[in-house]
Structures are given as structure tokens and as C-alpha cells.
Amino acid sequence: MSGSSVSPAVLMADNGPGTVVRIHGRHIGDRVYRGAITFFAICVPLLVALVAWEIAVAGWPTFRHFGLSFLTSSDWDPVKERFGAAPAIYGTLVSSAIALVIATPLAVGVSVFLSEFAPRWMRQPVGFLVDLLAAIPSVVYGLWGIFVLLPLLRDPVMPFLRDTLKLGSTPFFSGPAYGPSMLAAGLILAIMVLPYIASVSREVLLAVPRAQREAALALGATRWEAIWRAVLPYAKSGIIGGIILGLGRALGETMAVTMLIGNRQEISASLLAPGYTMASLIANEFSEASSDAHLSALMAVGFTLLVITIIVNAIARWLVWRVGGGAASKPL
Amino acid sequence: MSDQRTRLVAESLDAWFGSIHAVHGISLPVPEGSVVAIIGPSGCGKSTFLRCLNRMHETVPTGRVSGRVLLDGRNIYDSGVNPIAVRKHIGMVFQRPTPFPTMSIRDNVAAGLRVMDGHVSRRETDEIVESALRRAALWDEVKDRLGASALALSGGQQQRLCIARALATSPRVLLLDEPTASLDPASTQSVEQLVRELRGEVTIIIVTHNMQQAARISDRTAFFLAGDLVEVAPTEALFTSPSDPRTEAYITGRFG
Amino acid sequence: MTAGAIRTQRPSARQRAVSERARKGLGRRRAVNGVMLVVLATAAVVTVLPLVFILFHLVAKGATSLDIAFFTHMPKPVGEAGGGMANAIVGTLIVIGLAMAFGLPVGVGAGLYLAENRGAWLANSVRFLSDVLNGLPSIVMGIFAWQFLVRPVGHFSALSGGVALGAMMIPMIARTTEEMVRTVPASLREAALALGYARWRTGLTIVLRTASAGIVTGVLVSLARVAGETAPLLFTAFGNQFWSTSITQPIAALPLQIFNYAISPYDDWHRLAWAGALVLIALILVISIVARVATRARFDTGSGD
């Protein structure tokens, strides 16, 4: 009977002095396991590097040919093979700015309301509803935007802004208003970006130690004063991090924006005018890119977008991480 | 002692946690079939020493061992020896019960059988599981719910489950690291009863904080202090007439 | 004041004026508090409003077009009534299946690595770059996949779309895996090692099994997210008007179909777009619910007392 056969009798067996103790052997299993998980881990930086590399390589001819004017020229003409991405860059920045201006007060407002004023039982369900906004796909936002938001803007909202409020006299609301516009894109982006800012804000606010609030309240402050003077300053950098995170999302949004912005290569001060963003430029022209030069130009736009997004997201992560680890740990 | 075979011998065993020297050159022979208790104050290195005996100490990132441990005459720290194989021949029960949470009671007990060399048939497995549970005095309480989650058991039952799990692979040596520390008196009693029953068949080394327990169940007792083996002697001799003054101080409760 | 004598004094005129001002100020401060409460509550309502509207419109405009034909028929050419999105629904399922096949092993493997090598330099870089990957715009992933998998081959394919989506799933799966594996107590690992389990076996059978509920949730949540993505599929899967289940050919997908129909000038197609959007949301909802149920079911192992 060898030392390693197993039967009930062996439970009491006497493994005598002559028994061979088989304790030598190799551990390949462990090495394979460790190699496999290391390989998969390395796939991540590899993938990022590959994405950046492939797009950079494809876009390089454009950068080399146009240099910095690629980013500053407004002349985008595939036929004449002249490519200036300024309108698209402008549009990306403006639409994102509009989105943030609208979304931030709402998102922070909801979060403050939920964490400070609202009764406890409200937090979960309302928070859930806000988070649900993030689950709706971009194309569905675009669909709703085209058939519900645009008609609404075309009449009555835009005429109201331009004529009734007399904002049309300013350059920001001048010109014809057909619907598809920077304003429309900004609005839909605001809705899409709201849950991200709200989620981070909520976590950051809940992470503020009770002592802060209680100290203020004990001094006789009203609820609002305690928030304004004690809680918000504490949570400030985290919330700003959340806002920048939302910015990162807004910059890269494609489908909803493409469906609502009008897709016109034009830098106009008016929010009622159509425009373009980098993402929607690519989405619109990529399939029909006629020449290699056109393709390379679109890739160059993609690379620009990639770089901007990485920088913005890095800043956001750093800010949120600074406030206290937890809030940044859940990717949305 | 000379006419008894020594199943396990530690020779000049040192252990470190990084630069902390936790075990200082300990030599301790363990006669076959005997129960050796290791007592000493907290932090004296007894658990660390125990974990060196089945090459568990090195699984800690900064763990390092030097010296020899002979299992039936073969040094388990020889180069070329697979520590995994060593651990299959030596069973261990920890201070806190650690049943595998996603496995049933039956699968928990059989867990060690899965990694044994050679295939164990389902029928054999069932027989072994029943045997092990009987020895751990748990069979009657769980025989109707072997498929239930192991987490449904009480703390004392879980610990007995872990003991059954260790016994299922019929180890030559059983290492018990304060096995009754978190148990109620009834469970403690059944564990001690088990140790008494296993004496003679399995070589047992038990680390315990409880001197009375050591006195009740062990043949020989070793007293550790600050990483050193101060004294080892037949249990009764150690407790009634210790040769080292430090041993006496500990036993009489002057510290510890 | 004489030393040693404590006398309560009547408040002086100045003291009276100060407390009078404070009392009036308190009223104003309380008013501000009330106003802010209303403002914030309004913000909450305004925030939730679009959600309500969108769901309302989806159901109102989409539900009527949902019949059996929608799920079983192919799209009809313009002008002909009826038709469905059968190919797009199946196409979406195939593409997200491919995404899982690519994203799951890499994500779980990377997560295991991160959990077992906490502070290592490589682990920190992987964690950081995983965040970077997570933040890349989906259109960028799309053109990357085109450049890498479509251009050299010469035609669109479901596979390239699956890879683009799978890459987007990796960061979340890796993060969830790492977090869940970290919650497995070291004592469990030790118990397995002491039984003679090799490290690889411990990792795969003990640790992974214990963490599996949470990991499954993470996988399904990220699946729900990529199921609705359109941009990565624009130049990879591309869409297909005909029935195709081949992974090396262009394939239809719900988001793509919705997009194409929505921007078309035909009312019929608009109707189908709404229906498709409703189905897409329903699919995402189902996946999310399964994620939640899967977590709970794991812990209901039979008690049989």
C-alpha cells in the first residue's frame, strides 16, 4: 500500500518507516498561472499604447503637412484637401462648456439636497433615478433629442430666448434658429453629464465628517449656512474633480451630439447656430472619407481628441483622489 | 525516547519576518504518535514555529526559514522539495474556523482529497467524508444536510468541520494552532477528546495558550519564550517540576 | 467692578441693540435657508424630469410598433410598411457576446494580477492605465479598431466591433475583480495552501469562486453599458441590412439601426427607431436586473434543516 492511496482504512494506517514520502516535484502550475495573469495585466497598458500608436501613426501625415495650422485653421475642405480642425475643436469646447454650466448647479444641487436636506429614505430611490440617466445609451438620447427636444427648441424656446427676452440682440442668440444647434447639443450633453457629476458629488458630500456639520450647527448656523460655510468648502476639490470628470465625458460624446448639433463646419458666436464637434466630425465623415489625406485628417482629429480627453480625465482623477480615495473608486 | 521512532524533528530551526528574528535555532524532536503541546506567552514564536513545520511560514511575503525539518528522516527544506507536496502530508487547523464559504459541508471536508495524487472515486470520497466527520464528532449533527452551505454551522461546528477536513487526507502529522481558542467549552471538550483518540495513530503538535489544556491532553510539553525553546519534557514532569526557572515563572502565572 | 462680586446686570442699551439685530437677522437667515431648500428641491425635480420624459416618450412612441413582426422580421425597403429589426437584435447579442469573449478573460486576469500584486510598480501602472482606457471616448476606440482590424483586412466585421466593445469592458471588469478578490480573507487562502493546494489552484478555485458573485455583477454592469454603444460600431460592425450571423462580415446592431433610422427622412423608419430604442433599453434593463439577482442567488445555498 503506497503512502498516498486513500481509503477509509488509511485513516488509521500506519505509514511505516519504509514508506516513500513523495515530496519532490515541480510546480509548473504556479508558473503558468502567474504568467497568464501577468500577461493579461500587461494587455491593458499594451492596449492603451496600441490605440494611441495606431491613431497617431495614421494621423501623422496630416500633422506633418499642416503643422500647428491644423489646429487653428477653420478651412476644412476635403475636396481641396485642406484641413483645419478649429471649428470642430471650438464646437467641442463650447458644447461641453454649455453642458457644464447647465449641469453643474443641477447636479451639485441634487446632491446637496439628497445628502443634507432630504429625508433619509429619499436618498436611495432618487439617487438611483439620477444614476439611471447614465444608463441611457447616447443614441437614445439623440433619438429623443431629434423628435422631442428639437421641435421644442424650434418653437417655443428659441424664439422666446431670441425675441421675447431680447437676447437676440447679443451675438450669442442671434441669427436663424432651425433647431439643430450648439444650444441643443449643449442641453443634451448637460443631461448626459449630470449623473456623473451628481454621483461624485454625492459621495464626496457623504464623506465629509459629521463633525464639520455639527460644529457649524452647534454655533447656531442654519442648515443652509452649515452647508455653505462648513461642508461645501470641505468637499470643494472633490466636487470640482467630479465636474472635470463630467467634462471628460462631454468631450468624447458622439452620437447624441451628432444628431443634434447640425454638423456644420462653422465657428459662430451664436448658440442658436449649428456647429460641429471633433467626435461628430469623425462620426459623420469617416465612412465617406474619399482620400487618404481625408482619412489621415480625421485620424488626426481623433488623436487630438484622445490627448485632450486623457489630460482632462487625469486632472479629474487626481482631484477626486485628493479628497479621499473612495469617491474615485467607482468608474461609471 | 530512543526506542520510539521520531516522526518529525526540527533541527536548528530559525525563522524571520524580514529582519525580525522570530524563532531562534530551535531543535525539537516529536516522537511518532505522540501529542506535543507548545505553550508560552503571546508573541513567543510558537505559532511561527508551528508554521515552519509544514512550510507555511514562507507563504508570508517576508517569511524566511533556515534549518532542517525532518519528516520520517527526509528534510522538507531540501532544495528540490515541493512545499505543496509537503503540505499534503501534514494537516493544519487554524485558530479561527475557515470553512470555504462557497462549498457545501461535504465538499469542504473533501476539499483536500481533490488535490491528492491519484483519483478518488465518489464512493470512496463519501466514505472518507463520513469517517472524518465521525472522528471530528460532527457526523450526527450534519449527516442530513451534507449539501448545505458550510456557513450555516455554528462556530464550534465550523471548527470541527475544519478538523474533519484536515483528517480526511489522513495526514501523518497534524498541526493544531490554538484550535479551541475561539470555541465554547462544549466544542473545546470534543476537540480535546478527539486529540486523545487520535493519539497513537497521528502525530500531533498543538500550540495552546491554555496550560490546563496542555496538561490534559499532551504527552510532552515544550515551553517557548521570546523565540527560544526554554524547556521540553514529559508533560507531567514539566508541570510539576520544571527545570528552568522561567518555565516555573510562567506556569505559576507570574507572567504570561 | 468690585473684585470678588458677581452681579447679574441688566443688559445695557448696546447689548440690547445687538440681540435685537441678531433676532431680526435670524429671521432673514431662516428665510434664506427656506429659499435654498426650495431651490435645491427644484434642482432635484428638474434633474429627474428628463428621465421621466424620455421613458414616457419611449413607451408612448415605441410600444405601439412592438409586435411579433418586429422581433422576427427583417427591415423592409423604404415605402413598404412593416418590417422589423430581427437582424439587429440578433446582431447586438452576437457582438456583445464577442465583447465578453475578449473582455472577460483579460479583465478577470488583470484583476487577479492587481489583487495579488498590490504595490508593485507594474500593478500601479496597470491600474492607472486602466483608468485611462476607461476614459477614452468610444469613437476613438471605434477608429482604432477600424485602423487595426478593418483596414488591413479590407472589410467590416462583427469581430472588430466585438473587440472595440470588449476593450471598453476591460477596465471595469478588472476593477471589480480586484476589489472582490481583495475581500476574500487571507485566512481562506491559507487554509487552502495548508491543505496542499498550489497557488494557482487556490487562486482559481477558492479565491475566484468566493469572489465570483461580485465579479459577475461587474461583468454584467459593464455589458449593459457597452450594449448601448453606437460609435465604436460605426466603422467596425458597420451594420447590415440583411440577415448575417457571421463574425467576419459586417453585422447589424440595435444602436446602429436606431441611429440610421432616426436620421432618415422616413416616418416609418422613425417609428421603428423608437421601437428599437425601447427594445434596447429593455435589454439593458434585463441585463442589469440579472446582475442584481445573480448576486443574491449565490448566497441562497440550500439550508435543508
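# A quick tour of chains A and C

Chain A has 11 helices and two strands as its secondary structure. Keep in mind that this is a predicted model.

**Chain A as a whole**

- Starting at the N terminus, the elements of chain A come in the order α-α-β-β-α-α-α-α-α-α-α-α-α.
- Chain A has 332 residues, and 49% of them are buried.
- Take the contacts in chain A with a separation of 6 or more: 74% of them join residues 24 or more positions apart.

**Helix 6 and helix 8 of chain A**

- Helix 6 of chain A covers residues 182-207 and helix 8 of chain A covers residues 223-252; their axes come within 8 Å and cross at roughly 150°.
- Angles over 145 degrees count as roughly antiparallel, so that is the label for helix 6 of chain A and helix 8 of chain A.
- On the helix 6 side of chain A, the contact is made by L189(A), V193(A), Y196(A), I197(A), V200(A), S201(A), V204(A) and L205(A).
- Helix 8 of chain A brings residues including V231(A), A235(A), G238(A), I239(A), L245(A) and R249(A) to that contact.
- Sorted by class, the contact of helix 6 with helix 8 of chain A has 13 nonpolar residues, five polar ones and one charged one.

**Domains of chain C**

- Chain C splits into domain 1, spanning 13-46, and domain 2, spanning 70-298.
- Going by C-alpha atoms, the centres of domain 1 of chain C and domain 2 of chain C are 52 Å apart.

**Helix 3 and helix 4 of chain C**

- Helix 3 of chain C (residues 86-116) packs with helix 4 of chain C (residues 121-135) at an angle of about 135°, and their axes are 9 Å apart.
- That angle makes helix 3 of chain C and helix 4 of chain C oblique to each other.
- Where helix 3 of chain C passes helix 4 of chain C, the crossing is left-handed.
- A110(C), Y113(C) and L114(C) come from helix 3 of chain C, and they meet A123(C), V126(C) and R127(C) from helix 4 of chain C.
- In this contact of helix 3 with helix 4 of chain C, five residues are nonpolar, none is polar and one is charged.

Key. Residues numbered from 1 in each chain as written. Chains lettered and ligands numbered in written order. Predicted model: local features only at pLDDT ≥ 70, side-chain atom pairs only at ≥ 80, totals over all residues. Axes fitted to C-alpha atoms, helices over the stretch in contact; angles between N-to-C directions. Helix = DSSP H or I, 4+ residues; strand = E, 2+ residues; numbered from the N terminus. Parallel < 35°, antiparallel > 145°, perpendicular 65-115°, else oblique. Left-handed = near helix turned anticlockwise from the far one by under 90°. Contact = placed C-beta atoms within 7 Å. Nonpolar A, V, L, I, M, F, W, Y, C, P; charged D, E, K, R; others polar. Buried ≥ 20, exposed ≤ 12 C-beta atoms within 10 Å, placed from the backbone. Domains from an automatic or database assignment.
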